[in-house]
Amino acid sequence: LLDDLQKVYENLQGEIVECNVGKAYAVFCSKRKKWLRGTVVEKVNDSIAKVHYVDYGDTEEVEKKYLRKLQERFLVDESFSVQCHLDGIIPAGGSSNWSHSACDIFRQLVAPHEHLLLSSKGDIVEETKSLPADLLIEKLIRGGALEPTKIEYVSLRDEIVKYGYALPTRRKSRSPPNDDGADKIDKKPEIVNSSGDVNNFVSIPSSVISNETSQTILIQEPKSPEKKPEMPPEKPTFQWKPAVPPLESSFKGYVTNIGDDGSIHLYVLQNGTSQVETISKALQFKYAKLENYKCLKKAPPVGEACVAKFSLDNAWYRAEVVSVYPGPPVKVKVNFVDYGNNEIVPLSFIRTDLVMKEFPRQCLECALFGISDNPKLVWDKDLLTFLHTQLVDTEVSVEIQAAPDKQGRLQTLIRTTSGIDLSELLLSMGFDDPSENTESPETCSAVPDTFTRALELRKGDIYPVCVTLLPCKNIVCLQILKIPNPKDEFESELNDTHDAFLQLIAILQEKAENFSKLQEPMPGMPCCAKYSYDENWYRCEVTDLTENGAVVLYVDYGNSETVPTDNLRKLEPQFIDFPIQVHICELYGIKPTGDNLSPETKNMLLKIPNQELFAKVM
């Protein structure tokens, strides 16, 4: 249908139509850059109309010049989108509407998955034209030596209840019927708007599509999915042997991938080489020269061992089937068992006549000991990208610290070739050590890593601040300024700390030049360094070593730079025991419109005078 629409309308210079509410048109969708079938649901003004795309379910405001008369042959097919609602739940808190937070958690749960499974819970509700359903997320449970790999289905409905944004209900959830009748098309219907509030179950525009004459042609309502008997899943005939950890507790590894959960995938290096190289050469020799290979007619079952072509380099690698998408065309999601990454490939990229079957999987899945199991740690896109750029395709030193976790991941300490401990690096970037959660609040707030931690701020309080750094989107580094007219003992303590810090820095300027030089700096060492911008001395911590000197993090400001080792000095205990002054914060309730804050926004925040900017702890 879409192909035919493009052929007819991409070069058609038809007359601009006089659009009417409820009528169907061919509409050029600016978001998808395609011609689609749409129904006008509202005239915004003389030149703009709001259109509902019947085959996708969303709405968009469109200039009328992008509407064309829809030919009759495009009025026959049913609409290809079905409105659904999660059945058996209602918004928490007694509201009839879903909160923005509930909608956000829904998007976060859905976003990482290219495909979801829909489980129908009944027939389409007549009043709302909405199908009661649940959405299921596939979760791969990788088997061990005796257990096969299997798939578990996670209910999106149950997840939203678990997060506390919904309550289960025993009655079938329905939205109030439209008092004016769902079949009237001369009145604006309710629309699900991607940027606005989402009602419990809102009506969609009528599925009636008509031409501009008095003749009306109906696009039938989508039928409820037919219930088919469930067939037991096909079992794999062969699976790659599980990975074998080295006998030694310390070894060299080569990082190949960072998982979405922060797991680090690597293979073992012995004398600088690995079995992966041998396996790869054999696979290219076997499969790269095959001609006239007959494509599989049927996708292998989930868990089946195979060899798959990786799209980035067109090379062949050992893989395992993770899931199958029926299509058409049929596609298969595979996990490359020697590297840890996934990719969705066509059937033509799959081979099942296997070699190297005696070799176990080479990829070891590792978790950072004391970090990866932290429930407070969110492995967001920025953090995963940082780890990927720092680690993938590099050699590391690995130390096994404990038995594998529940996911079968090795509990490890990982260090780069320059000696940086990855766990300590993440902690220095502001991530909490979960081992501290078992201690008393007094102990947690007073335990230093290198320097004594900043004083914890109270939720709901408002503080005068200055911005010292904007390291990445939505993250700001703040220093608390002196509070005018402190109202209690805590605010007085903050003021005393602020005054003591200014005095500490003044003393540091006087003494630092005479402190002992820091000999053989190593990551994690506290010191002071001469800042290249103003040539003053500031407290810092060594985070890396380069040919040009040491990379240091100025702990009271959040910024880093490379400093010649001659400009590093040892610190006396009084300078280490004083709390750091920077607070790493996330801007609450907003997101940048692009990948980062605009230069204008950064400039504005950094140049606001002291005592004119305040921060509220949410």
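Which exposed residues does the face of α4 turned away from its buried side carry? That face carries K281 and F285, where exposed means over 50% relative accessible area, buried under 20% and partly exposed in between (1.4 Å probe, protein chains only). The model is predicted: local features need pLDDT of at least 70, side-chain atom pairs count only at pLDDT 80 or more, and totals for chains, interfaces and linings use all residues. Residues are numbered from 1 along each chain as its sequence is written, and side-chain values use heavy atoms, with hydrogens and water left out.

**Helix α4**
- Helix α4 covers residues 275-287; helices (H or I, at least four residues) and strands (E, at least two) are DSSP runs, numbered from the N terminus.
- The buried residues of α4 are V276, I279, S280, L283 and Y287.
- Viewed down the axis of α4, these buried residues fall within an arc of 100°, so they line one face of the helix; the arc is that of the directions from the helix axis to the C-beta atoms.
- Their cover includes strands β17 (264-269), β18 (305-310), β19 (315-325) and β22 (350-351).
- At the N-terminal end, S274 caps α4, with a side-chain oxygen 3.1 Å from the backbone nitrogen of V276.

**Residue D134**
- D134 lies in strand β10 (residues 131-141) and is buried, with a relative accessible area of 3%.
- Residues that D134 touches (heavy atoms within 4.5 Å) include L86, L117, K121 and R157, not counting residues up to four places away in sequence.
- The side chains of D134 and S155 are joined by a polar contact of 2.5 Å; a polar contact is a pair of N or O atoms within 3.5 Å, and within protein one must be able to donate a hydrogen and the other to accept it, while residues adjacent in sequence count only if both atoms are side-chain atoms.

Methods. Expected span 1.5 Å × (residues − 1).
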